[in-house]
Amino acid sequence: MGHESLPDATWTSTSGPSRRPRARLFGWIAAAAVAGVLATLPYEQSITLSAESVLLPWPALLVASLVHLALVLLCASIGMRLGPTLGLGAPDLIAWVERQPHAGSKLGRAIRRGLLWGAAAGIVTTMLGAAAEAILPLPEELHAASWSPWHGLLGAFGAGINEELIFRLGVMTLFARLLSLLVRRLPPPPALIWTANALAALGFGFAHLPILEVLTEVNHLTVGLVLAGNGLVGLLFGWLYWRSGLVAAMAAHFATDLVLKALVPLLLPL
Amino acid sequence: MDQPATRAILLGSGTPHADPDRCGPAVAIVAGGELYLFDCGPGIVRRAAAACRAGATELEAVRLQRLFLTHLHSDHTAGLPDLLLTPWVLGRRAPLEVWGPPGTAAMLSHIQEAYRADIRLRLEGREPANETGWQARPHEIATGRVYEDAQVAIDAFPVRHGPAPAFGYRIAGRERSIVISGDTAPTDEIVSQSLGCDLLFHEVYSRAGFARQPADWQAYHREMHTASDELADLASRACPGLLVLYHQLFWGESEEGLIAELRGGYGARIASGRDLDVY
Ligand SMILES: [Zn+2]
Ligand SMILES: [Zn+2]
C-alpha cells in the first residue's frame, strides 16, 4: 500500500530529524582534517630540512600536529555554528550527508568549478611570480628549498582541506559575524561578506610569511609579494566559499597548490 | 485609529484540525513596509491575499519572501509548497528565504523535487516565468539572533515540543516587541523571552476539552503543548501587553469557555485570535 515506512532511515532517529547526519558530517570533517594534517607533514619536513638541515624531532612534530588539528577543528566548529545565518558554512555538505535531491551532482559541479578556478589561479600566480623575478630586484636564494612533487601533491591536498577549514569556514565566517554585529545586519550584505573575505585573505597572507623566512631573505619586497600573492588567491577562495560552497574553495585551493607545489617543481626542475 | 509601526496580522490561527474558519498557523509581522512571516500552515497564501485586499498591501503575493519556521510539523509547514510556488507563478522574482531548524533545507529541496515537472514546464514552456522566484534560500538556525535589518531584530529561542529542535521567536520592532511561542509546553525560557513584551502569541489547549481526550492523547499534549491554566500562570509571570491565543485546541469547548479558563488565573488583557485579526 504505497509508502508504509519512512523514506529515509535518518529521519527515524530518536533525536529527531537531521541530527545524526550532522554528527556524521562533523566526523567526516574531523577525519579529513586528520588526513590533511598527515598529508602536509612530508612537505613541511622537506622545507624544514632544506632550511635547517635537520628534521623536527618526532615529539615536537606530534605536538605541532595536534595543535594544528585542534585549531582546524575549532575553526570548523565556529564556521558550522555561525555559518547558516550568514549564508556561509557548509550547506552543500549538509545537503550531501542528508541525501537531499541532487546534492551529489551539485557537489560535483562545485568541485569542477573550484578545480578550474584554482588551476587558473595557480598558472597566473606562477607567471606573475616569474615576471616579478625578471623585473624586481629580488634576493638571491629564492630557490633554496626543494621538495619532491609527491610531497607537493600531498601538501596541496592537506592545505586544500585544512587551510580552507581554518581561513574560510573559521576565520572568514567569524569576521562576517563580527561585522554583521557591528552594522546590525543579518544576513550581512555582500559588501560585508567581501570585507570579511578580504580580512581573512589578509590573515591567510600573513600565515604564509613564516615560510618566506625559510625560502628567502625577508624584506619589504618579498613580504609584499607573499601578502599580495596569497591575499589575491585567498580572495578567490573566499569568493568561491561564499558563492559555490566550502568544497569549491577546497578544490580551488588544492588545484592552485598542485600547480605551485607539484607541477611547477616537476615541469621546471632546477 | 493610528496603526502601530510594527503590527501583527494573524493569517492562520488553526491546528492540525481542518477547521474551515481557521487556516494552519501563520503570523505576519509588518514593520516599515517590510513583511516577515512566521510559520506556514495550509491556506497561508489565500489568507495573505485576503489581508492584502483588506488594505495590508505588504502581503501582496509577490512580496511574500521571508519565512521563519518554528518547527517542521506538517500543520506549520503544509503551506510551504504554496508559498514557494504560487507567488512565483504570480511574478515574485526573489527566492523564498526560509529560516528554520535543521531539516528545513531538506524539506525545501524535497518540495522542489516533488514539483520538478511543474517547475520545468513553467521555466521551459511558453509561460513567461522568471528564473529565480521558485528557488529557496534555507538558513538552518540555532538559538540566538537569526535576522536583523533596519526594521526588526529577530531572535530564536528554544521551546519544548518533542525531540526535534523547535523554536519560538522574539521580534523586536522599532517601538514594539512581539513574541511567538510556536508549539510548546510551558517553559521558563518563554517567560523570560516575553517578559514585558507588547504582544505574546501563545498556543493553548482547553483544560476542560483535555479532560475528554483519550489517555494516550492526554499524555502527548501534556508533554508537547500548553494548557489554559498553565498559560495563565505563564502570562502572569511574563506580563505581556496583550496575550493573543492562537493554535487553540478547543476540543469542543467554546471560545468564551477557553477565555474563562484563562481568567481563572490571569486578569490582564487576552484576545482569542482569529484568522485575519490585526494587532
Ligand atoms: Zn502545531
Ligand atoms: Zn507541532
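Guide: Four residues coordinate the zinc ion (ligand 2): B:His71 through NE2, B:His73 through ND1, B:His161 through NE2 and B:Asp183 through OD. The distances run from 2.1 to 2.4 Å. Bear in mind that this is a predicted model.

Now the geometry. The angles between the 4 donor atoms span 91 to 166 degrees, so the arrangement around the zinc ion (ligand 2) is irregular. A tetrahedral label would need all angles between 85 and 135 degrees. For reference, the ideal angle for four tetrahedral donors is 109.5 degrees.

Along the chain, the donors of the zinc ion (ligand 2) are spaced as H-x1-H-x87-H-x21-D.

B:His73 and B:Asp183 link distant parts of the chain, 110 residues apart. B:His73 sits in the loop between strand 4 (66-68) and helix 2 (74-77) of chain B. B:Asp183 sits in the loop between strand 10 (177-180) and helix 6 (188-194) of chain B. B:His73 is partly exposed, because its relative accessible area is 30%. B:Asp183 has a relative accessible area of 2%, so this residue is buried.

Next, the packing in chain A. The largest nonpolar core has 43 residues. The members that touch the most others are A:Leu88, A:Leu93, A:Leu165, A:Met172, A:Phe237, A:Tyr241 and A:Leu246. Several helices of chain A each supply at least two residues of this core, among them helix 1 (19-52), helix 4 (103-135), helix 5 (149-183) and helix 8 (220-244). Helix 5 of chain A gives the largest share, 8 residues.

Take A:Met172. Beyond four places in sequence, its contacts include A:Leu88, A:Ile193, A:Ala200, A:Tyr241 and A:Trp242. Apart from this core lies another, of 28 residues, including B:Ala28, B:Val30, B:Ile44 and B:Leu64.

Last, A:Phe237. This residue belongs to helix 8 of chain A. Its relative accessibility is 1%, so A:Phe237 counts as buried. Leaving aside neighbours within four places, A:Phe237 contacts A:Glu164, A:Arg168, A:Phe204, A:Ala249, A:Ala252, A:His253 and A:Thr256. A:Glu164 is 73 residues away along the chain, yet the two C-alpha atoms are separated by 8.1 Å.

Notes:
Residues are numbered from 1 along each chain as its sequence is written. Chains are lettered from A and ligands numbered from 1 in the order in which they are written. This is a predicted model: local features need pLDDT of at least 70, side-chain atom pairs count only at pLDDT 80 or more; totals for chains, interfaces and linings use all residues. Side-chain values use heavy atoms; hydrogens and water are left out. A nonpolar core is a set of buried Ala, Val, Leu, Ile, Met, Phe, Trp, Tyr and Cys residues joined through side-chain atoms within 4.5 Å. Buried means under 20% relative accessible area, exposed over 50%, partly exposed in between (1.4 Å probe, protein chains only). Helices (H or I, at least four residues) and strands (E, at least two) are DSSP runs, numbered from the N terminus. Contact means heavy atoms within 4.5 Å. Donors are N, O and S atoms within 2.8 Å of the metal (3.2 Å for Na, K and Ca); water is not among the atoms, so sites may look incomplete. Four donors count as tetrahedral if all angles lie between 85 and 135 degrees; four count as square planar and six as octahedral if opposite donors are over 155 degrees apart and all others between 65 and 115; anything else is irregular.
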